[in-house]
Amino acid sequence: MAARKTKSTRNECSELIEALNAIEKEKQISKEVILEAVENSLLAACKNQYGKSENIKVNINRETGEVKVFAEKLVVDDDDIEDEAEQIGITEAILRYDVHDIGAVAAIEVTPKNFGRIAAQKAKQVVVQKIREEERKVLYVQYLEKEREVITGIVQRYSGKNVCINLGKVDAVLMESEQVKGEQFKPTEHIKLYVVEVKDTPKGPRITVSRTHPEFVKRLFEEEVTEIQDGTVEIRSIAREAGSRTKIAVSADNPNVDPVGACVGINGSRVNAIVDELKGEKIDIITWSDSPAVLIENSLSPAKVVSVEADEEEKTAKVIVPENQLSLAIGKEGQNARLAAKLTGYKIDIKCETQEEEQEEQEEQYSIL
């Protein structure tokens with residue numbers, strides 16, 4: 001009967017190693033990490049049995065799965081033994097354990113009967129827990145690499161006004177505050193999202209996603225435009241009012257490259273693909289300039305500008321436009337001027353030519369008076 005138990009224990013130990021090898025291969029979870037966790041768990045159980053003062057070590061053979069428990073004792077002179085739990089006399093150390101030096105450590109096996117079976121059972125519990133922990137860590141690392149990037153998700157369902165999104169191995173919630181007003185999604189629909197933040201939690205990675213973030217549009221251009229990917233064209237600034245309009249300023253070091261044309265694409269193919277993803281949001285692409293006056297003029301596109309006076313220290317600009325361009329320059333509810341200000345970083349004051357002439361006349365009158 002005893003022989004059968006020993007054989008059964010060995011089988012359980014070898015099965016444990018086989019199982020861990022399979023887990024390592026399939027789930028990319030280190031066998032060594034799990035075995036160390038099992039050893040630590042068994043060590044805690046042994047210390048409860050032998051006493052915390054005893055220097056107990058648990059070792060699992062990495063090839064066979066055989067488990068052994070050792071008590072490490074300091075070799076001292078036979079007359080100097082003060083604590084038998086932690087010390088062993090030199091005579092006994094030589095005769096029983098072939099340790100010949102005072103001050104050395106003798107590893108004394110104290111493995112309990114049927115400990116292999118206990119270890120195998122304990123291992124199963126630890127393995128399940130460790131797999132969950134390691135899977136969570138692996139997922140966290142995988143999605144942390146996607147932070148501040150665009151990811152494709154599948155719409156699952158609405159939870160109130162929030163949208164539950166499946167991102168492959170984890171789920172995320174597109175909060176109402178991160179949704180573009182007016183956008184509606186259908187279950188199983190594939191949508192693109194900007195990963196704002198990835199946090200590690202006991203329940204797995206918590207991923208904050210957005211469709212309103214200005215960087216979302218920037219990343220979409222980086223995906224769509226080859227010249228941005230290879231560095232030929234650079235996005236210098238971006239301003240966005242999600243769901244309505246985005247302004248983006250681009251530049252190219254090579255004078256033979258048209259940065260705006262590269263972003264627009266043949267027959268508008270590139271920018272139209274991004275507009276479709278953004279459900280019809282308008283996009284103005286302008287050429288960046290190191291001259292504040294030129295940049296501000298470009299940023300007010302599609303309006304025509306007569307003149308720009310920019311104060312670089314105060315970060316203010318006075319813009320004159322034809323009378324028939326005033327409403328276009330300001331935009332509906334001031335949107336065009338507002339986005340131009342965000343894009344350039346300047347506070348912009350827009351006036352038409354007639355307003356400027358009237359103001360000059362009034363100043364002239366005051367001067368005469």
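In this predicted model, helix H4 gives the most to the lining of the second largest pocket, contributing six residues. Helix H4, which spans residues 115–144, and helix H1, which spans residues 2–27, each supply at least two residues of this lining. The pocket itself has a volume of about 270 Å³, and of the 14 residues that line it, those closest to its centre are Arg132, Glu135, Arg136, Val138 and Leu139.

Arginine 219 is placed in helix H5, which covers residues 214–224. With a relative accessibility of 15%, arginine 219 counts as buried, because the value falls under 20%. When neighbours within four places in sequence are left aside, arginine 219 is in contact with Arg148, Glu149, Val150 and Tyr194. For one of these residues, arginine 148, the backbone oxygen lies 2.7 Å from a polar atom of the arginine 219 side chain.

Valine 319 belongs to strand E14, made up of residues 316–321, and is likewise buried, its relative accessible area being 0%. Residues up to four places away in sequence not being counted, valine 319 touches Ile296, Leu300, Val305, Ser307 and Val308, as well as Ile348, Asp349, Ile350 and Lys351. Between valine 319 and valine 306, which are 13 residues apart in sequence, the distance in space is 7.6 Å from C-alpha to C-alpha.

Terms used: Residues numbered from 1 in each chain as written. Predicted model: local features only at pLDDT ≥ 70, side-chain atom pairs only at ≥ 80, totals over all residues. Heavy atoms only, no water. Helix = DSSP H or I, 4+ residues; strand = E, 2+ residues; numbered from the N terminus. Buried < 20%, exposed > 50% of the residue type's maximum accessible area, 1.4 Å probe, protein only. Contact = heavy atoms within 4.5 Å. Polar contact = N/O pair within 3.5 Å; in protein donor to acceptor, adjacent residues only side chain to side chain. 1 Å grid on protein atoms, 1.4 Å probe; cavity = no way out; pocket = protein on both sides within 12 Å on 5 of 7 lines; lining within 4 Å. Points joined across faces, edges and corners; volume = space filled by probe spheres on them.
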